[in-house]
Amino acid sequence: MNFTESEEHRAIRDAVGAITDKFGPDYFAERAAAHEPTDELWKALADSGFIGINLPEEYGGGGAGMTELALVCEETAAHGCPLLLLLVSSAISGELIAKYGNEDQRQAWLPRMASGETKVVFAITEPDAGSNTHKMSTTARRDGDDYILNGSKYYISGVDEAGAIVVVARTGKDETTGRGKLSLFLVPTDTPGLVAHILPVAASLPEKQFTLHFDNVRIPASSLLGDEDEGFRQVFDGLNPERITGAAVCVGIGRFAVERGAAYARTRSVWGGPIGAHQGVAHPLAKAKIEVDLAAMATARAAWLYAEGQPAGEASNVAKYAAAEAAVGAVDTAIQTHGGNGLSVEYGLLPQWSVARLLRIAPVSREMILNYVAQHSLSLPRSY
């Protein structure tokens, strides 16, 4: 890796930052409080080629890679507008459709995703399965030229903004292990029998969460994304990008929070001088800055490994863990620096905390990352 950022990457940062500044943290906070999508910002980014920057050029994308998408995720967040659906639509679903979709699926969805016309979200989590994918109960049964979907999904982001959902379902059983065989399906959101209910959450987020119910949902066999029964292997080609872009969003939130906290500490005066002159204020901000910088390096490493076709599972998990911890710590420090003002609407810190705190849990919890590192990196016995 070269730690001197290229001119091209600096140009991406500058351009994304300039677009996001036209909207800014107040715009994001208002949308988050109202649970309304950030459609205008999404369209502005798409019009400049940033929403589909990682998608293949022949389908309207930018032909770049995960490093470039991570830059977009980081800079929008660093300028006050963290966009969770970049993780879902551009990263997970975009990568899966580009890699495993047939020509008809790519032609139908990738150009419209890249242009910002539509989004494709991702449904894997279930009420009774959580992180245990092997316990998944949603099934897809072959019936002639169709599949029939039955089951439920839980905490699915942005269904109201999406034209389709990549659904993970059981299509068989491994007779050796007893575990379910999984497959991926590309399901339009207006498919008869698919019912979506809003899942109320207390966090201030523009993106709504949903519970999905599939009641004998009939879809054509052409909806299969990739190979039948190979979904468990295929899905990880989407989950590593999700972790990398999630980490990038957290790095951006951390940068935003540290700068907001430092700016307040430089100007707020109570005892005759700026409060930032006191180590009790200065040191937590300095610590937050260091942790965000370290997370940024971990994220860049994970994105580079993925772009180079190298094993990126461990690096992606490490980056997501480090960045989420750094972001939550940075926003909390910024709030503490502001004192009572940290909770006011005017300073716009609580919406940032909501996203950072969510990303400490999702798309994979810090505890499951610790399990992964213990088992795969340290060769310790599996604990779950």
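**Close-up views of a predicted model**

**View 1. Where domain 2 meets domain 3.** Here 11 residues of domain 2 touch 9 residues of domain 3, contact meaning heavy atoms within 4.5 Å. This is a predicted model, where local features need pLDDT of at least 70, side-chain atom pairs count only at pLDDT 80 or more, and totals for chains, interfaces and linings use all residues. Residues are numbered from 1 along each chain as its sequence is written, and side-chain values use heavy atoms, with hydrogens and water left out. The chain splits into domain 1 (7-119), domain 2 (121-228) and domain 3 (233-377), bounds that come from an automatic or database domain assignment. Between them, domain 2 and domain 3 bury about 700 Å², with 68% of it on carbon and sulfur atoms; buried area is the accessible area (1.4 Å probe) that two parts lose on being put together, summed over both. The C-alpha centres of domain 2 and domain 3 sit 30 Å apart.

**View 2. The largest pocket.** It holds about 1600 Å³ of space. A pocket is an open set of points on a 1 Å grid over the protein atoms alone, with protein on both sides within 12 Å along at least five of seven lines; lining residues have an atom within 4 Å of a point. Points are joined across faces, edges and corners, and volume is the space filled by probe spheres set on them. Of the 50 lining residues, Gly130, Ser131, Arg243, Pro363 and Val364 lie nearest the centre. Elements giving at least two residues each to this lining include helix 7 (231-267) and helix 9 (313-338); helices (H or I, at least four residues) and strands (E, at least two) are DSSP runs, numbered from the N terminus.

View 3. Pro363 sits in the loop between helix 10 and helix 11, and a cis peptide bond (omega about 0°) joins Ala362 to Pro363. Helix 11 (residues 366-377) has 12 residues, so at 1.5 Å a residue it should span 16 Å, and its end C-alpha atoms, 15 Å apart, agree with that; the expected span is 1.5 Å times one less than the number of residues. Just past helix 11, Ser379 takes a positive phi of about 55°.

**View 4. Asp229 in its loop.** Look between strand 8 (224-225) and helix 7 for Asp229. Though not a glycine, Asp229 has a positive phi of about 70°.

Definitions and conventions:
On a 1 Å grid over the protein atoms alone, a cavity is a set of points where a 1.4 Å probe fits but cannot get out, and a pocket is an open set with protein on both sides within 12 Å along at least five of seven lines; lining residues have an atom within 4 Å of a point.
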